[in-house]
Amino acid sequence: MQRSRFTVAVPLEGDAVFLMNTLTDAEALVSPDVVALVDRVTSGSVEADQLRAEERDALAALEAHGFLTPGTEADAARLEAHFAAFRDDSTELRVTVLTTLQCNFACDYCIQGDHGDHNAHAARMSVETAARVADWIERRLDAVSPERLVVTFFGGEPLLNLPAVYTLAERLWTATRARGVTQLLNIITNGLLLSPEVVDRLAPLGLNGVKVTLDGDRATHDRMRPLRGRQGTFDRIIRNIAAVADRCRITIGGNFDAESAASFPALLDFLAAQDFAPSIAKVSFKPVIGRQTAPAAPATPRRLTLTPVDADGRPIGGACATASGPGFAAGGRSPSPCDSCHFVDEALDGLRRDIKRRGFPTPDGLHMGPCEIHKRHAYTIGPTGDLYACPGFAGEAAMTTGHIAREAAAATAAAFERLEAWKRCGDCSFVPVCAGGCTVAAHHELGDMHAPACHKASLESALVAHALEVAAQQKGAAS
C-alpha cells in the first residue's frame, strides 16, 4: 500500500494537514501523525502486523477514499477508467451552437466584431439551417438516449440572431419532451440585447442561465467593450441584467489585462450594491490572452486573435474567445473548465478572494474536471452547419470534424478522438482535473494540440486557497 499519485497535501497552521485526492475528489483534514504513518507504510519501514488497530483503521479509511493505492499500476488503471467513463458518458448530450459570428461590440482586444466591414463577412445561421441543425440534434438524441440535452447559444453575439435561437429552442423542446429528455438552455452574451422578452420566450423551453461579460468597472468596461462609435455599453448592460435577474440565473464573466485588473474590485463593489446581487449565481474573471500573429511593437495594444483572417484582414470565421464557458452546471455538475483556465496565478488568488468577500460564488479553479472536448457526446456547430470538437476551433476549416449534412471528416475526427495530452504529463497529481490542459491553447500557443498546455502553478495555488477555506469552515463549525 502506498500514497496515490493523485493525493496532494497542504500543511496548515494548528497542527493539521489537508489531503485531497484529485481523482476521487475525496478531502480530509488529518493530523501530521497520519501523514507520517502513510509515509512509513509507503516506504516499507513498517509491516501491517506491526500497526496498532487504530492505525490500521486509519489506513483502511484512507484507502477507501482513494488516498492510498495498492501501487502505481492500480493508479494508472483508475486514471484510464476515469477518462474512459468521462469520454463515454451518455447522460448528457451537449451542443454549443454558434448562431452567428457577427458581433455588435468593437472590443479593442478582438479583431472580430464591429470593426470596419467585418460583420458584413461574418457568417450567420439561417432559419433553414437552424431547422437542419435541430434535425441533426434529434438524430443524436435517438443515437445517444441521454437524460439531458444541454444547448449553449454562443457566437459572435448569439442574440443578434434570435430567429435561429428561437427555432432551435422550440424545435428541440418538442423533441426532448417526446423522448422524456430534460432540456437545458444556456446563453453566453455581451448583454446589450438581453431583455425580458428574450428570457420570457426561452424560460418555458428550459432556460438554465445567462452569462454576461463585464470587463471591469464602468470606465474600464466602456473602454474595453465599446460600440463601433466608442459609445459605452456598461450602463445599458446593467439595466438589462436588472430587468431579467428575477426571471433567470445570471453569471457574470469578465476579461482583464495588466491595466484593467485593478478595476475589478470596484466592479464587484458595484455589483454587490445592486438589488439584483442575490440573483447572481456565479462570478468568474480571466485574463485576455491569445496567440500573436506577428510581433507587436511595444506601443501597440495587444489584440486577441479569435479567428483566421483573409489577405485583407477580414475574418473568415471563428468563435468569440472572450466569453467561453457557460458558467452554469448542468445536473449539479461543475461549470465548464473554460470558466477557470488560463488564469494568471497572482491575479487568480486575489480576484477569487475579492469575489468571495462580496458574497458571490466563484469557481475555485480546482474542481473543474476535464474539458468537454474529451466527451464523445459534446459538439460545437457553426453558423453554416460545420461541426467542431470545441468552440475554440470554430472557423478553422482544417479543424472541422464534419457537417450536419455530410459524413464526418474522418482524419480530423480521429485526431480529436486520440487526444491524450495527459499521457505526457508524467506523474503530475492534477491530471484528473485538467487532462493536460486546454487543447485550443496547445494548438495556438504550442502548435500541437496533442501537447500539454500546463498551468500547474495555478492549480497548486487553487489547492492551497481551497485547503485554507476548508480548514476555516471546519474551525467555524466546531466553534
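**Notebook: salt bridges**

I began with R3, which forms a salt bridge with D39; their closest N and O atoms are 3.4 Å apart. This pair ties together distant parts of the chain: R3 belongs to strand β1 (residues 2–3) and D39 to helix α1 (residues 32–43), 36 residues apart. A reminder to myself: this is a predicted model.

Next I looked up how open the two partners are. R3 is partly exposed, at 27% relative accessible area. D39 is partly exposed too, with a value of 39%.

Then I turned to R358 and D354, whose side chains meet in a salt bridge at 3.5 Å, N to O. Is D354 buried or exposed? D354 comes out as buried, because its relative accessible area of 12% falls under the 20% cut-off. R358 is partly exposed, because its 21% lies between the 20% and 50% limits.

I noted R406 as exposed, with a relative accessible area of 55%.

I also checked for shared partners. Which residues do such salt bridges join into one network? They are E92, R94, E147, R148 and E372.

Last, the overall tally: how many salt bridges does a search of the whole structure find? My search turned up 29, and the R3 pair with D39 that opened this page is a salt bridge too.

Terms used:
Residues are numbered from 1 along each chain as its sequence is written. This is a predicted model: local features need pLDDT of at least 70, side-chain atom pairs count only at pLDDT 80 or more; totals for chains, interfaces and linings use all residues. Side-chain values use heavy atoms; hydrogens and water are left out. A salt bridge is a side-chain nitrogen of Lys or Arg within 4 Å of a carboxyl oxygen of Asp or Glu. Helices (H or I, at least four residues) and strands (E, at least two) are DSSP runs, numbered from the N terminus. Buried means under 20% relative accessible area, exposed over 50%, partly exposed in between (1.4 Å probe, protein chains only).
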